[in-house]
Amino acid sequence: MAGSCSGNCSSCSQKCGDEEKKLQATLGKIKKKIVVMSGKGGVGKSTVAVNLASALALAGFKVGLLDVDIHGPSVPQMLNLQNTGVMMDGDLILPQEIGSLKVVSLGFMIDDPDGAIIWRGPMKIGVIKQFLSEVAWGELDYLVIDSPPGTGDEPLTVCQLLNDAEAVIVTTPQQVAANDVAKSLNFCKQINMKVLGLVENMSGFVCPHCNEVVEIFPGNAGEELAEKFGVELLAKIPLDPAVAHGGDAGTPFIQRFAKTVPGRIFNDMVEKLFGVSDGLSTF
Ligand code: ADP
């Protein structure tokens, strides 16, 4: 067919070469990339990504937070950032900044927050590629990526383009989550991605009256998956209204509710993983 191309012609090779150069120029200035993943939606993946990035920024690191959860970008709400449209510096997307935390989210670009994003696969992949290669992060100590959920094309594109990223995987305690999160762990194994560990979120509820832990969800997915896949269970974070309030109000709970049980557990995890103490300041 006239005009068709198998992708091997010189103009396609040139385009691929240019894309690769852009990707390297952007990612080459980032010391460590951490992808927060989950096989299941609604388990607290964005909460973990936002609080991890915030904890590192509050500890004094230069941190980027990239929200590529293209169907449910929650990061703007969780950090009280407004939809400003796409701000550009030349051909690079400019992140919004909160202290030493730089943030890019597809949510900045959506006019109607209630509108569904209906994109076909190639378009989604194109946006993910652009978000990974065309952002003016500058030099970063850490880039935390809130990945799309599942183990399909979208997270695969993220992980393949990042190449040397490490994963933090989020589950909840019950078996239905474990089944899906096992797929994420197998996914990491297949693409040779290092797993820093698992976070079991919504792990019981501490009664504010008697301090007794009530198991809301049955199961022990964090421990079972950690043992089965030989990865570390980094933290078990209980359900706590402070976490949800922090998310809705746009203030990370590790900052606003640092003294709550989830706040302390989360900060201990960050200290264990990255050797930073929770001498937290504010943004
Ligand atoms: P995901 O990114 O996996 O879809 P989110 O991080 O958006 O999940 O979390 C879903 C909802 O649950 C949010 O409203 C969030 O504030 C809330 N949430 C997450 N973890 C907890 C927790 N430990 N306690 C209370 N609410 C939580």
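Student: Where is Asn80 found?
Tutor: In this predicted model, Asn80 is found in the loop between helix 3 (75–78) and strand 3 (88–89). Its phi is near 55 degrees, a positive value in a residue other than glycine.

Student: Why does Asn80 count as partly exposed?
Tutor: Buried means under 20% and exposed means over 50%, with partly exposed in between. Asn80 has 49% relative accessibility, so it counts as partly exposed.

Student: What about Asn163: why is it called exposed?
Tutor: The cut-off for exposed is over 50%, and Asn163 comes out at 67% relative accessibility, so exposed is the word. Asn163 sits in the loop between helix 5 and strand 8 (166–171). Asn163 also has a positive phi, near 70 degrees, without being a glycine.

Student: Let's turn to helix 5. What makes helix 4 and helix 5 roughly parallel?
Tutor: The axes of helix 4 (residues 121–133) and helix 5 (residues 153–162) cross at roughly 30 degrees and come within 10 Å. Angles under 35 degrees count as roughly parallel, so the pair gets that label. The crossing of helix 4 and helix 5 is right-handed.

Student: Which residues make that contact between helix 4 and helix 5?
Tutor: Helix 4 brings Lys124, Ile125, Ile128, Lys129 and Leu132, while helix 5 brings Asp153, Glu154, Thr157, Val158, Leu161 and Leu162. By class, the contact of helix 4 with helix 5 has six nonpolar residues, one polar and four charged.

Student: Why is helix 6 called roughly parallel to helix 7?
Tutor: Helix 6 (residues 175–190) and helix 7 (residues 221–229) pack at about 30 degrees, with their axes 10 Å apart. With the cut-off at under 35 degrees, that makes helix 6 roughly parallel to helix 7. The crossing of helix 6 and helix 7 is right-handed.

Student: How do the residues of the contact of helix 6 with helix 7 divide?
Tutor: Start with who meets whom: Gln175, Ala178, Val181, Ala182, Leu185 and Asn186 in helix 6 meet Ala221, Glu224, Leu225 and Phe229 in helix 7. Those residues divide into seven nonpolar, two polar and one charged.

Student: At what angle do the axes of helix 2 and helix 10 cross?
Tutor: Roughly 65 degrees, and the axes of helix 2 (residues 45–58) and helix 10 (residues 261–274) come within 10 Å. The crossing of helix 2 and helix 10 is right-handed. The contact is made by Val48, Asn51, Leu52, Ala55 and Leu56 of helix 2 with Phe266, Asn267, Val270 and Phe274 of helix 10. In that contact of helix 2 with helix 10, seven residues are nonpolar, two polar and no residue is charged.

Student: Which backbone nitrogens lie by a polar atom of the Asn51 side chain?
Tutor: The backbone nitrogen of Phe253 lies 3.0 Å from a polar atom of that side chain, and the backbone nitrogen of Ile254 lies 3.2 Å from one. A polar contact needs a pair of N or O atoms within 3.5 Å. Beyond its neighbours within four places in sequence, Asn51 is in contact with Pro252, Phe253, Ile254 and Phe266.

Student: And why is Ala55 called buried?
Tutor: Ala55, in helix 2, has 2% relative accessibility, so it counts as buried. The C-alpha atoms of Ala55 and Gln255 are separated by 7.7 Å, though the two are 200 residues apart along the chain.

Student: Last pair, in strand 9. What makes Asn201 and Lys194 get their labels?
Tutor: Asn201, found in strand 9, has 8% relative accessibility and so counts as buried. The backbone oxygen of Val43 lies 2.9 Å from a polar atom of the Asn201 side chain. Lys194 lies in strand 9 (residues 194–206), and at 49% relative accessibility Lys194 counts as partly exposed. Lys194 and Glu166 are 28 residues apart in sequence and 5.0 Å apart in space, C-alpha to C-alpha.

Definitions and conventions
Residues numbered from 1 in each chain as written. Predicted model: local features only at pLDDT ≥ 70, side-chain atom pairs only at ≥ 80, totals over all residues. Heavy atoms only, no water. Axes fitted to C-alpha atoms, helices over the stretch in contact; angles between N-to-C directions. Helix = DSSP H or I, 4+ residues; strand = E, 2+ residues; numbered from the N terminus. Parallel < 35°, antiparallel > 145°, perpendicular 65-115°, else oblique. Left-handed = near helix turned anticlockwise from the far one by under 90°. Contact = heavy atoms within 4.5 Å. Nonpolar A, V, L, I, M, F, W, Y, C, P; charged D, E, K, R; others polar. Buried < 20%, exposed > 50% of the residue type's maximum accessible area, 1.4 Å probe, protein only. Polar contact = N/O pair within 3.5 Å; in protein donor to acceptor, adjacent residues only side chain to side chain.
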